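This briefing sets out the fold, the sheet, the nonpolar core and one backbone feature of the protein shown below. The points are grouped by topic.

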Amino acid sequence: MEKTNAKEAMKELTILLMYLSRFSEKDRFSDGKDFYAWKGYDFDVINGLDDADYIRQGSHPSRSKSVYLTDAGIDYAKTLMEKYGIEDWG
């Protein structure tokens, strides 16, 4: 496996952990197929993931405690799971 610099590793591992700890809210407005994750990670990394459209923080990022995982973010996380040899929950 190729070596990854620390900054890139932080980005990759953050989106990977967000994906693995994802949750959905099934209610009358959602079918439970939208995924969210808690946002307890480095803010510079989170902002970079938002800029890359892997996540969305909402209109008031400093007030929200969770982020929305975009389709691109989910695909990126799945690619990283293959890279790191991690199996999905099932």
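Arg-56 has Tyr-68 as its bridge partner in E5. This pair belongs to a predicted model, in which E4 and E5 pair in the antiparallel sense over 2 bridges.

**Sheet**

- An open sheet is formed by 3 strands in the order E3-E5-E4, with antiparallel pairing.
- Strand E3 (35-38) and strand E4 (55-56) are the edge strands, each of which pairs on one side only.
- E3 and E5 run antiparallel and are joined by 4 bridges; Phe-35 has Leu-69 as its bridge partner in E5.
- As a general rule, strands of a sheet pair through backbone hydrogen bonds, in either a parallel or an antiparallel manner.
- Helix H1 lies across E3, E4 and E5, and runs at about 90° to E5.

**Nonpolar core**

- Which residues touch the most other members of the largest nonpolar core? They are Ile-15, Met-18, Leu-49, Ile-55 and Leu-69, within a core of 17 residues.
- Two or more residues of this core come from each of helix H1 (6-20), helix H2 (43-51), strand E5 (66-69) and helix H3 (71-84).
- H3 gives the most to the core, namely 5 residues.
- Apart from its neighbours within four places in sequence, Met-18 is in contact with Ala-37, Trp-38, Tyr-41, Ile-46, Leu-49, Ile-55, Val-67 and Leu-69.
- In soluble globular proteins, nonpolar side chains tend to be buried together.

**Overall fold and dimensions**

- The protein contains 3 helices and 5 strands, and along the sequence these follow the pattern α-β-β-β-α-β-β-α.
- The radius of gyration is 13 Å, close to the 12 Å that the globule rule gives for 90 residues, so the protein is as compact as a globular protein of that length.
- The C-alpha trace spans about 45 × 30 × 20 Å along its principal axes.
- Among contacts with a separation of 6 or more, 57% are accounted for by residues 24 or more positions apart.

**Burial and surface**

- Of the 90 residues, 29% count as buried.

**A positive phi at Asp-53**

- Where does Asp-53 lie? Asp-53 is located in the loop between H2 and E4.
- The phi of Asp-53 is near 65°, which is a positive value in a residue other than glycine.
- For comparison, most residues other than glycine have a negative phi.
- Asp-53 has a relative accessible area of 33% and is therefore partly exposed, given that this class lies between the 20% limit for buried and the 50% limit for exposed.

Conventions: Residues are numbered from 1 along each chain as its sequence is written. This is a predicted model: local features need pLDDT of at least 70, side-chain atom pairs count only at pLDDT 80 or more; totals for chains, interfaces and linings use all residues. Side-chain values use heavy atoms; hydrogens and water are left out. A nonpolar core is a set of buried Ala, Val, Leu, Ile, Met, Phe, Trp, Tyr and Cys residues joined through side-chain atoms within 4.5 Å. Buried means under 20% relative accessible area, exposed over 50%, partly exposed in between (1.4 Å probe, protein chains only). Contact means heavy atoms within 4.5 Å. Two strands pair if DSSP finds at least two bridges between them. Axes are lines fitted to C-alpha atoms, for helices over the stretch in contact, and angles run from 0 to 180 degrees between N-to-C directions. The radius of gyration is taken over C-alpha atoms; the globule rule is 2.2 Å times the number of residues to the power 0.38.
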